Amino acid sequence: MTFPTPTGFALIDAHLITNTPHHAGATALLVEHGRITTVGDDSEIEALALAAGYPVRNAGGATVTPGLFDSHTHPHWAADVTRGVDLGGLGTVADLQAAVAAYAATLPDDAWVLGWNLEFEPFEATGVRGDLFDDAVAGRPFAAMFYDLHSGLANAAALTAAGVTAAPVFEDMSEIVVDASGALTGELREPSAYQLVFNAVPARSHEAERDALRDMFRTLAAAGLTGGAIMDGKPRTVDLIEELEQRGELDHRLVVHHWHAVTDDDAAVARVIAAKDRRGRLWESDGIKLFSDGVIDTGTAWLHQPDTCGDGVHAFWPDWNRYREVVRAYHDAGMIIATHAVGDFAVNRVLDAYAELPAHAAARVHSIEHLEVLADEDLEKLTGSGVTASMQPLHMQWREGDDSDNWAVRLGERAATGYRVRDVLNTGTRVTLGSDWPVAHYDPRIGMAWARGRSTPGVAGAPVFEPGQRLTGEEALLAYTLWPALARGHEDRGIIAPGALADLTLWSGDPVAASADELATLPIAATIVDGRFVHDAL
């Protein structure tokens, strides 16, 4: 397969943050064929560009950093999930009903009504029930996703359309909830349950799905992102990415982690391994994503001790040895493994499983995703493990200063052990940051602001959660640039140096020197991927 050769250009009058000890004081760089070839001063770089016939772009003093990389994202899923109504931030069932009704009124009479970004707090008095929305949708099928992407909600019309008339028994922790009388409530816990309903939603056309993914990448680029690790990959995802690249419409550098379900058998594992070398100029598909547990809010995280509701005592897998088997198979095949582990005991057990893996020439550095709650013994086990900790401090946005939120109520005093990113970093563990979009906002500026401030950026008097866990401005930037590159064994990414890939983010100011509050809204002047301006506000 051949790809178009990116054009060369020079960028001058810039403030470079190179993530290397070299090129101090450099103000310009030359890009050729998708790579940085020279870093120097304005006159030197301009002369080289003019001699080669390349255009010269003046950055006007903008700060240039290596391109920002989201280490945990779901853009394909987000392009689908977010086609419904955004229900985030609505605090009562009445508010939700009004928003759903207003959105439903814009749709054809026979259309499904979809929503996303639901929060748990509005349902504390009523319980999570689909029939609460029957009037709002005038009897049409209604299905919505909670913000954590681990729970869904459906009314009876949607359940019927999906062929769900009774609660099935799943092999993993998934559950279609029933009430005391045995009737379906519409609450759908974990993917195997909610996928039964969402798979019944009429699909977009191929062209609409492809273009929605293209536009999603362009939206991410406008926020300064040059790439990301897709954590819910499937063959369809890879097909669309490949097609976008062939059409010249792929504006993101990607690592696809295929989603391994608990029910996947040995044949499914073999199929994923057989396709691991499928790749293009801007993407590779040799990652795997597994779950070890669920989330705190629904009691499906795996904890050392039960939560205050008596939940949190089970792994996602009915047989933990099966998890160890498939991890070994993917490891032996040279794939990079990411395991979702929210609860402290889940992190502990995943570390044990990784520690069993033999060293070999093709072995990769594996990651644990989220690490929301950590006991001291888990931190001790992280020390020297070589594992990458992929964390999302901005998930603290749903916490309340008085610990009245569902997450903190379930954890009790253990809420203080949440999002211990500074402690993890102090163990010598490499930390990478991401959004988990569409769980939380994709904007890396907001993600870095939360990692630095541990508080809602730009809101005076907002509560600060565990201030001792804050990262510095430099650390937050490294966790979105150099550290993700090193975690994947890339020495030509996450830096500005000759030979490095020309994935760059241009800022109107210095993201390290800016305060956390300032950083969240610091304008992105341009985003460059593979030597191409994919977002240009210079």
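Q: What is the order of the five strands in the open sheet, and what kind of pairing does the sheet have?
A: The strands, which are DSSP runs of E with at least two residues, numbered from the N terminus, follow the order S2-S6-S21-S22-S23, and the pairing is mixed. This is a predicted model, in which local features need pLDDT of at least 70, side-chain atom pairs count only at pLDDT 80 or more, and totals for chains, interfaces and linings use all residues. Residues are numbered from 1 along each chain as its sequence is written, and side-chain values use heavy atoms, with hydrogens and water left out.

Q: What makes S2 and S23 stand at the edges?
A: Strand S2 (15–16) and strand S23 (532–536) each have a single partner strand, so one side of each is left without a neighbour in the sheet.

Q: How do you know that S2 and S6 pair, and in which sense?
A: Two strands pair if DSSP finds at least two bridges between them, and S2 and strand S6 (residues 63–66) have two bridges, in the parallel sense. In S6, Thr63 is the bridge partner of His15.

Q: Why is Ala229 called buried?
A: Buried means under 20% relative accessible area, exposed means over 50%, and partly exposed lies in between, with a 1.4 Å probe and protein chains only; Ala229 has 0%, and is therefore buried. Ala229 lies in strand S14 (residues 225–233), and the residues it touches (heavy atoms within 4.5 Å), not counting those up to four places away in sequence, include Phe69, Asp70, Val255 and Arg488. The C-alpha atoms of Ala229 and Asp70 are separated by 6.3 Å, although the two residues are 159 residues apart along the chain.

Note on methods
Helices (H or I, at least four residues) and strands (E, at least two) are DSSP runs, numbered from the N terminus.
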